[in-house]
Amino acid sequence: MPIKIPDLLPALKVLTEENIFVMSDSRAMSQDIRPLEIAILNLMPNKIETEVQLMRLLANTPLQVNIDLLRIDMHVSKNTPESHMSNFYHLFDDVKHSKNYDGLIVTGAPLGLIEYTDVKYWDKMTEIMDWAKKHVQSTIYLCWAAHAALYHQHGLDRGLREQKLSGVYKHKTIDPLEPLTQGFDDFFLMPHSRYAEVPLTELEAHPDLNVLATCEEGGAFLIASKDRRSVFITGHAEYNATTLADEYWRDVNNGLDPAVPEHYFPDDNPDNLPANMWRSHGNLLYCNWLNHYVYQATPFDLSQLSV
């Protein structure tokens, strides 16, 4: 079954051209089933690109999924047309009293070097994280949002690396029988692009958390709360093959001197076209989340969700 997204959303055309099974609103009107309700709180500057990346992963499942795109406030994006935001995004305040969700995805944000309390929407972020505990069966927090949620929900503060962790790294699957990593290889590749890091020893020692995958260079990649209501992903399973290259060349063109992403460009030469070496495990991660953490755990009536 497909994900259902608005007829005019740019992701519909992109994913259809990739032979990914998506369904427009107009076609879905004829369906008589209870689809999963998934919200994406998109904090990234280039929102259209992030929408396509995440919907590509969510579409690779036999379940039908309805997507709602959420925004924190009416701040005008520099990188996304306001017409797109007004046509396709809901204000969080407009849904928080009227709708529960089976699943929520909170994206990363370019805030890795800013103190949490200095983030202008930090109070709203904490409200959303608290709201999700009562109104969402399971929430994925990505990159910056993962560290923010670990701090707010579990009191684990991040440290900042001297050099940005950027590249594609080999990860170890800790428990192959864990539903979220079911079907994973013993070792797999995933991209990272971050300065922040919570010490692995603190995550492993926390009584309410399970560390599910790690990498030698970057510590924990995948963590889940023991009740499976929160998932924390410090890397980027959703990245396209060229996303790290785009970030690298953006920094170069801005006069910075970024390190070349590790284990990424062929022969470590930025002029060479990189390949996607994490696509299958990215798809499997989101399929497992939708199936085991959301679909098989959520009540048919979302009003029954509770802490």
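Buried means under 20% relative accessible area, exposed means over 50%, and partly exposed lies in between (1.4 Å probe, protein chains only). The structure is a predicted model, in which local features need pLDDT of at least 70 and side-chain atom pairs count only at pLDDT 80 or more, while totals for chains, interfaces and linings use all residues. Residues are numbered from 1 along each chain as its sequence is written, and side-chain values use heavy atoms, with hydrogens and water left out.

**View 1. The protein as a whole.** The protein has 10 helices and 12 strands; these are DSSP runs numbered from the N terminus (helices: H or I, at least four residues; strands: E, at least two). Of its 307 residues, 55% count as buried. The accessible surface comes to about 14,200 Å², and 50% of this belongs to carbon and sulfur atoms; such areas come from the Shrake-Rupley method with a 1.4 Å probe, and for residues only the protein chains shown count as cover.

**View 2. Glu-217 and a negative surface patch.** Glu-217 is partly exposed, with a relative accessible area of 34%. Its place is in the loop between strand S10 (209–215) and strand S11 (219–225). Together with Glu-216, Glu-262, Asp-267 and Asp-268, Glu-217 forms a negative surface patch. Patches are made of residues with over 30% relative accessible area and no salt bridge; like charges are joined within 9 Å, and nonpolar side chains (Val, Leu, Ile, Met, Phe, Trp, Tyr) within 5 Å. Asp and Glu count as negative and Lys and Arg as positive, whereas His and the chain ends are not counted. The place of a charge is taken as NZ of Lys, CZ of Arg, CG of Asp or CD of Glu.

**View 3. Helix H9 and its cover.** In helix H9 (residues 243–253), the buried residues are Thr-243, Leu-244, Ala-245, Glu-247, Tyr-248 and Asp-251. Their cover includes helix H3 (47–58), strand S8 (159–173) and strand S9 (187–197), where contact means heavy atoms within 4.5 Å.

**View 4. Ala-149 in helix H7.** Ala-149 is found in helix H7 (residues 144–154) and is buried, with a relative accessible area of 0%. Leaving aside neighbours within four places in sequence, Ala-149 is in contact with Met-129, Tyr-141, His-154 and Phe-232. The C-alpha atoms of Ala-149 and Ser-230 are separated by 8.8 Å, although these residues are 81 apart along the chain.

**View 5. The salt bridge of Glu-37 and Lys-99.** Side chains of opposite charge can pair when their charged atoms come close. A salt bridge is a side-chain nitrogen of Lys or Arg within 4 Å of a carboxyl oxygen of Asp or Glu. The closest N and O atoms of Glu-37 and Lys-99 are 3.4 Å apart in such a bridge. Glu-37 lies in strand S3 (residues 36–41) and Lys-99 in the loop between helix H5 (92–95) and strand S6 (101–106), so the pair ties together parts that are 62 residues apart in sequence. Glu-37 is buried at 15% relative accessible area, whereas Lys-99 is partly exposed at 27%.

**View 6. The salt bridge of Arg-228 and Glu-178.** The side chains of Arg-228 and Glu-178 meet in a salt bridge (4.0 Å, N to O). This pair links distant parts of the chain, 50 residues apart: Arg-228 is in the loop between S11 and S12, and Glu-178 is in the loop between S8 and S9. Arg-228 is partly exposed, with a relative accessible area of 32%, while Glu-178 counts as buried at 9%.
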